[in-house]
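I opened the model to look up cavities, the contact between domains, and salt bridges. My entries follow.

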Amino acid sequence: MKKILSLLTVIGLVASTTTTVVACGPLTNEKLLNRTVDTETYRSILSSPMISWSSGTSMEESDSQFITQMQDTLLTPNAHDGFEGSLARWWGKNTSKVEWYFDVRDEATWTGLKDGSKSEYEVKGQIGPKGIFDAFRFVFNDYNQSQNQATWSTIVAEGSGLVAFLKTLREEYPESFDNNKAPDGEDPTTTNVRVTKAIDSAILYYNLKYGKWLDTGNNRGNEWANGKKELSFNWQEKFGHPTRTTGQKLIRKDVAEEIVKFSVEPAEEYEKYTIESMTKGGIIRGAEIIDGKTKKNHAQIYEGDALITTLENYNLTIRLQKPAEYFESIAAFVAFAPMPPISVDYGSTSVSSYSYGRTWESVWVSGAYVVESYGPNTALILKTNPFYFNKEKAYVKRLIYSAVTGNDISKPRLFFEAGDVSGVALDPVDSSGWNKYVGSDYDNPVFTGSHAIKKPSTTTNFLLYNYAKLNGKNLADSAIAISQNSVRAYISYMLERTELVKYYSEAMDGPKNEVDQNGKQISKFIRNSYTSSGFATYYDDKVKKDYALDFMNTKYTDEAKKISQGLDPKQKDPQFDIRYNFSKNLNDGYDAHRRNDLLALQALSQDIAGKVSDNRENYEKFKEIVIKQNQEIDAAGSVEKAKADGLYTKYEKEKIKIFQDRVRSDLKFAVEGRPVELQFLMSGASSNTSNRYIHNMIGLFNEVPNNPFKIVELVSTDQDGYRTLQNAGKFDLSVAGWIPDYADPYNFLHTVTYGGEYDNYQRLTKIFDKEETQATDRSVKLKPGKLITEIPNGKGAKIYANLLKSFETFTTRVETTDTIGDMHERYTKFAEAEYDGIINANLILPMQVRKLGTTMSISYLNNFTTPTYPTGSSHFRMFGVKMIPKLWTREQFEAEQEKFKNNDPIYADHLWEFSNNSGKQAAPMVGPRRSQN
């Protein structure tokens, strides 16, 4: 015990003063069960200093877990994965699910430090609908450096149009909107204030014009009647010239001048302009606060398909780009939390704009906890917000996060054993802790205080390709090689992903795991599709439909059977399952990419850069072997007999050689036969952990005889060096991961499209240029960029033709599907896009899920009071969470679990009071009325 405490002293962990240790000496399981803690103080780890305290600025998970404690959202998931109204007393949606209505509570207020104080707080004002409106203004202003703009712009109505409009203003009128084009003699601070406010004025202008367009009968109520958009607001027409001549600016001069004129109005007049945009806007529309009350509209509620006489008040309307049944998950996401008026008070940028949230002292709080103290190298301590309208439900009064450095996976467990953190999620990588508290049987842990609790499991790690690595000023041979689908398909066919993934799962893997064709155990954490299961769901006639399991899996098996039917038209389904036993679905823990002959045939059938005759010959050879193999497996009659006879691996060497010949043919044309090495980027900080497993995976790949290319390790000195190499594009392959923000496949798929969130690493915009399209057209047309056209002998366009077409098609399918409102059609089309882009074109290679749907935990939290929603950061939230004084035994845990499942009153009560009509369809009624609350 003393040894552990001395370690904590060295790293500066805040010592526990609220834990009662039963006796001295080694910490036995019995002592751990009898230890008691203060149930009003929660202790955890601060793994890295705060980057930003602003919900409108940061999307970093390391920030979000603390911002979530401090800021409320309109809605919040509860422990049952249902939504409750936190800032919203009521919420509803119109029949097309394009407009959502919220009644923001009048009693919700901002809390901030008193001027000159670092400890005394006061009420700063009412939040109201303007908090959401100010978040909208903040996020869309590029000069505020928000990481959340991509999320907002893909959700709210006119999001992408507004971004394009602001970009065009900066390009066409830089003297007014670009802070890099200051007039001579103007100091940088003055320039920044001026252009930041000008962009803000443009945001207000767009919102107001769009609102007036809607109110004049355009596209308001019935445009999504058939699940598709019929009429759109075209900003290029509204703000441009009726007939645009060559060289003429896209945005009219009078529009730019009107925007600038508003931006330089005195503060009182600018506030009137702001209120007009808010109360009459089309993207966000909110009611004004007068004497502490907001003007309310009212809506008539639907029960089923029928309107009833029940009315609900609302004061905020958010209009979306498309119908979104899942918008509740977005309204509960901290990126959509309200922002205070000081964040968009651009008279000075000392505490507004990009400066807002740089320090905790300047932040206004809307949630249950405020900062008591903070030291980036010591601890972050939060305490209950004394002015929070619902503070009685903040059962834990103090949150202490102690700063810890290093990435030793065992540290959290050691700190828990020392009594310095309130709980620990046991990690299989920490083999000592896993063996001590879990053992070999996950369902029956060796320690009675260890429990499998529900935890979000939506992150997907994947192999990312850098398509534009440079050698000097030209494309490197490795990048040109990666552009070939045959190369990427060969990697998918040959890479032993389990060798890496088992680093995370090895302690949990066992005889129940799936095995590959050679009988080798597959990691439980292997993932085959990009979009995770249990993430995007909806109900079809009361039947829950899962995108990954019901749509993506169905699309994959349908396509696999089509390919197989091409080999044998008389094939029956039972034969398919036996022939392709190891690749018949995309379920996690099942390696559907390794030695998948059907996907290999699909790749070999495509003519890319090599000679057509060679490609056809390789395809026919491979096809002939697969047919022969299938006949022998059919004769065996069962998977077990075929495995015993070695029929699944009998022709492996021949198939690999044919695949290699195809890759060589393409590389001979693309890089003229020069040797190719692909650099796999690894962090030096992981040299003693995951890098060893990556090394084994790469080693097995390179051991394959006659490989047409090699994979080599590129190891940075440390984590900072890793980021530097990654950001500079000095790698070919790396492992990336995506944590989704909201429950829709678009949130995954958009990340790897042209211009998506991972474009800084895929670097597609370095090799392809996007052709200009109409503002309302979400399809994408690409053309070869300069790096491609400069490839010698004019071969660049042909070399990259297939990759260009793949990304063009994938991006267009993802973007156009995002305009579909019908959930069945939406999920079907997304599955088609994901299959063609991820499975067929191999644009990325899915690798792993980071954990299962449950996590083994030892904790003083009552885990049946903690949120477990699979998206966003609500699972970090401590408001409403209760602690237990002593660890539960297995029997106690199971008894509480039964109470939870049966909606015992102690687990059924809501944290907030909100209308029972919340979430229902509603019909807005004409005419405002004042709230009587």
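Which residues lie nearest the centre of the largest cavity? I found Thr68, Gln71, Thr73, Thr76 and Arg877 there, among 18 lining residues.

Notes on the source. The model is predicted, so I took local features at pLDDT of at least 70 and side-chain atom pairs at pLDDT 80 or more, while totals for chains, interfaces and linings use all residues. Residues are numbered from 1 along each chain as its sequence is written, and side-chain values use heavy atoms, with hydrogens and water left out.

Cavities. I used a 1 Å grid over the protein atoms alone; a cavity is a set of points where a 1.4 Å probe fits but cannot get out, and lining residues have an atom within 4 Å of a point. Grid points are joined across faces, edges and corners, and a volume is the space filled by probe spheres set on the points. The search of the whole structure gave 10 cavities of 30 Å³ or more.

The largest cavity has a volume of about 150 Å³. Helix 3 (residues 61-70) gives the largest share of its lining, three residues. Helices are DSSP runs of H or I, at least four residues, and strands are runs of E, at least two, numbered from the N terminus. I sorted the lining by class: eight nonpolar, eight polar and two charged residues. Here Ala, Val, Leu, Ile, Met, Phe, Trp, Tyr, Cys and Pro count as nonpolar, Asp, Glu, Lys and Arg as charged, and the others, Gly among them, as polar.

The second largest cavity holds about 120 Å³. Its lining includes Arg579, Arg595, Asp597, Glu652 and Lys655. The class count there is three nonpolar, three polar and five charged.

Domains. The assignment, automatic or from a database, gives domain 1 (28-128 + 144-153 + 318-449 + 860-926) and domain 2 (460-848). Their C-alpha centres lie 36 Å apart. I found 22 residues of domain 1 in contact (heavy atoms within 4.5 Å) with 21 residues of domain 2.

Salt bridges. The rule is a side-chain nitrogen of Lys or Arg within 4 Å of a carboxyl oxygen of Asp or Glu. I counted 61 by this rule. Between domain 1 and domain 2 the count is one. Asp818 and Lys322 form a salt bridge at 2.8 Å, N to O. Arg285 pairs with Asp215, their closest N and O atoms 2.8 Å apart. That pair links strand 8 (residues 284-286) to helix 8 (residues 188-215), 70 residues apart.

Methods: 1 Å grid on protein atoms, 1.4 Å probe; cavity = no way out; pocket = protein on both sides within 12 Å on 5 of 7 lines; lining within 4 Å.
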